[in-house]
Amino acid sequence: MQFRLRVWRQAGPNAPGGFEEYVARDVKEDMSILEVLDQVNQDLVKEGRDPIAFESDCREGICGVCGLVINGVPHGEQRKTTTCELRMRHFSHGQTITVEPFRTGAMPIIKDLMVDRTALDHLIRSGGYVSTRIGSSPEANTIPVAKQDQEEAMDAAECIGCGACAAACPNASAMLFIGAKVSHLAKLPQGRPEAARRVMAMSERMQELGFGNCSNHYECQAVCPKDIDVKFISRLNREFFKALFKKRN
């Protein structure tokens, strides 16, 4: 298979950027888009040219740092798939594929396809800790948790913090991200003592970092590689108003 890649190149955060085209030859259908970029980079290095800068780590759909915008969609059009798991069999031979970085003011471009995700780390840090014993594991039946609460908490905890939700949102909102983080702890007894402080702190920090608010476009869930449900944004709002009421009283 052969493809033409339109890749965003930018030397640095303040440098002008633009698209450059490359031809990827001898591509196997089971290769991922990142492996195709690796192959292009090998050719660029042989030619003495600057390789394309992009991030990856696990390449197993776990860490989320591989996030790229493929043909205008964060992580590509294949649902519930991270960029590193997007296989070339989902494209047509000879197709032109446009590859861009996530674009949001809270996650500025570092170089080429690399963005600074430090804002997401700041959001996690603002969430703080949970009150739980350390040391040996407690007996499983010490704190009973309803099955539905367990399942909802685990559904929310699937979030890998890739930032695709903010990149897809017209408002660059991170509410699906913090909604998942708030919800998976709010559904468990270990997370309740700090629940009010956590939701207030994360919501305030989100605004400080330059993320926007949710206006129900649902683009976030559509591109989420773990299919995090927008219902967790509703839970985030409920937890926020509960905390606000508690603070005022």
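Lys-187 is buried (under 20% relative accessible area, with over 50% exposed and partly exposed in between, for a 1.4 Å probe and protein chains only), its relative accessible area being 15%. The model is predicted, so local features need pLDDT of at least 70 and side-chain atom pairs count only at pLDDT 80 or more, while totals for chains, interfaces and linings use all residues. Residues are numbered from 1 along each chain as its sequence is written, and side-chain values use heavy atoms, leaving out hydrogens and water.

Lys-187 forms a salt bridge with Glu-152, with the closest N and O atoms 3.5 Å apart; the term requires a side-chain nitrogen of Lys or Arg within 4 Å of a carboxyl oxygen of Asp or Glu. Glu-152 sits in helix H3 (residues 147–157) and Lys-187 in the loop between H5 and H6, so the pair ties together parts that are 35 residues apart in sequence. Helices are DSSP runs (H or I, at least four residues), numbered from the N terminus. Glu-152 is likewise buried, at 14% relative accessible area.

Glu-239 is buried at 5% relative accessibility, whereas Lys-242 is partly exposed at 47%. A search of the whole structure finds 19 salt bridges.

Glu-239 also belongs to the residues of H8 that meet H6, where contact means heavy atoms within 4.5 Å. By class, this contact of H6 with H8 has eight nonpolar, one polar and three charged residues, where Ala, Val, Leu, Ile, Met, Phe, Trp, Tyr, Cys and Pro count as nonpolar, Asp, Glu, Lys and Arg as charged, and the others, Gly among them, as polar.

How values were computed: Helix = DSSP H or I, 4+ residues; strand = E, 2+ residues; numbered from the N terminus.
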